[in-house]
Amino acid sequence: MKNTITPDGNKIAGIFCNFFGHHYVVSKKVTEHIKEYKCIHCQKQVTTDERGKLSPLTPKLKEINKTLEDMYHRRNRRRAIGRPERKRVA
Ligand SMILES: [Zn+2]
């Protein structure tokens with residue numbers, strides 16, 4: 001049993017979303033401004049695009065986000081090295 005969501009369940013969730021709109025929750029933080037979201041009802045995935053609007057999460061956008069995330073973390077790491085944080089180990 002890999003998938004507990006039946007095709008019927010998905011269809012009902014899709015109708016629900018059509019009426020009430022998607023209920024997105026953040027599924028992944030890419031950068032400070034770009035996040036990926038997932039609808040808790042129909043599992044539809046969207047992401048913030050370069051204009052700050054939500055776009056369907058296509059494989060291409062996923063790839064772009066992965067690159068942005070990489071750059072974002074690398075920049076943060078460099079900043080961390082520039083200002084080392086010392087922790088005392090008891
Ligand atoms: Zn939905």
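User: Where does Glu36 sit?

Analyst: Glu36 is part of strand β2. Helices (H or I, at least four residues) and strands (E, at least two) are DSSP runs, numbered from the N terminus. This is a predicted model, where local features need pLDDT of at least 70 and side-chain atom pairs count only at pLDDT 80 or more, while totals for chains, interfaces and linings use all residues. Residues are numbered from 1 along each chain as its sequence is written.

User: Why does Glu36 count as partly exposed?

Analyst: Glu36 has 19 C-beta neighbours inside 10 Å, so it counts as partly exposed. A residue is buried if 20 or more other C-beta atoms lie within 10 Å of its own, exposed if 12 or fewer, and partly exposed in between; the C-beta atoms are placed from the backbone.

User: And what does Glu36 touch?

Analyst: Leaving out residues up to four places away in sequence, Glu36 touches Ser27, Lys28, Val30, Gln45, Thr47, Leu57 and Asn65. Two residues are in contact if their C-beta atoms, placed from the backbone, lie within 7 Å.

User: Thr47 is on that list. Which strand is Thr47 in?

Analyst: Thr47 belongs to strand β3. From C-alpha to C-alpha, Thr47 and Glu36 are 4.3 Å apart in space and 11 residues apart in sequence.

User: Is Thr47 buried or exposed?

Analyst: Thr47 counts as buried, because it has 21 C-beta neighbours inside 10 Å. Not counting residues up to four places away in sequence, its contacts include Ile34, Tyr37 and Leu61.

User: Zooming out, how many helices and strands are there?

Analyst: The protein chain has two helices and four strands. Along the sequence the pattern is α-β-β-β-β-α.

User: What order do the strands take in the sheet?

Analyst: The four strands make an open sheet in the order β1-β2-β3-β4, with antiparallel pairing. Two strands pair if DSSP finds at least two bridges between them.

User: Which strands stand at the edges?

Analyst: β1 (24-29) and β4 (54-56) do, and each has a single partner strand, so one side of each is left without a neighbour in the sheet. As for burial, β1 is hardly covered, and the count of buried residues among its six residues is zero.

User: How many bridges join β1 to β2?

Analyst: Five bridges join β1 to β2 (residues 35-39), and the two run antiparallel. β1 and β2 form a hairpin, with five residues between them.

User: New topic. Where is Gln43 found?

Analyst: Gln43 is in the loop between β2 and β3 (45-48). Gln43 counts as partly exposed because it has 13 C-beta neighbours inside 10 Å.

User: What is the phi of Gln43?

Analyst: Gln43 has a positive phi of about 70°, although it is not a glycine. Most residues other than glycine have a negative phi.

User: Last one, for the chain overall. What share of the residues count as buried?

Analyst: In the protein chain of 90 residues, 7% count as buried. Of the contacts in the protein chain with a separation of 6 or more, 26% come from residues 24 or more positions apart.
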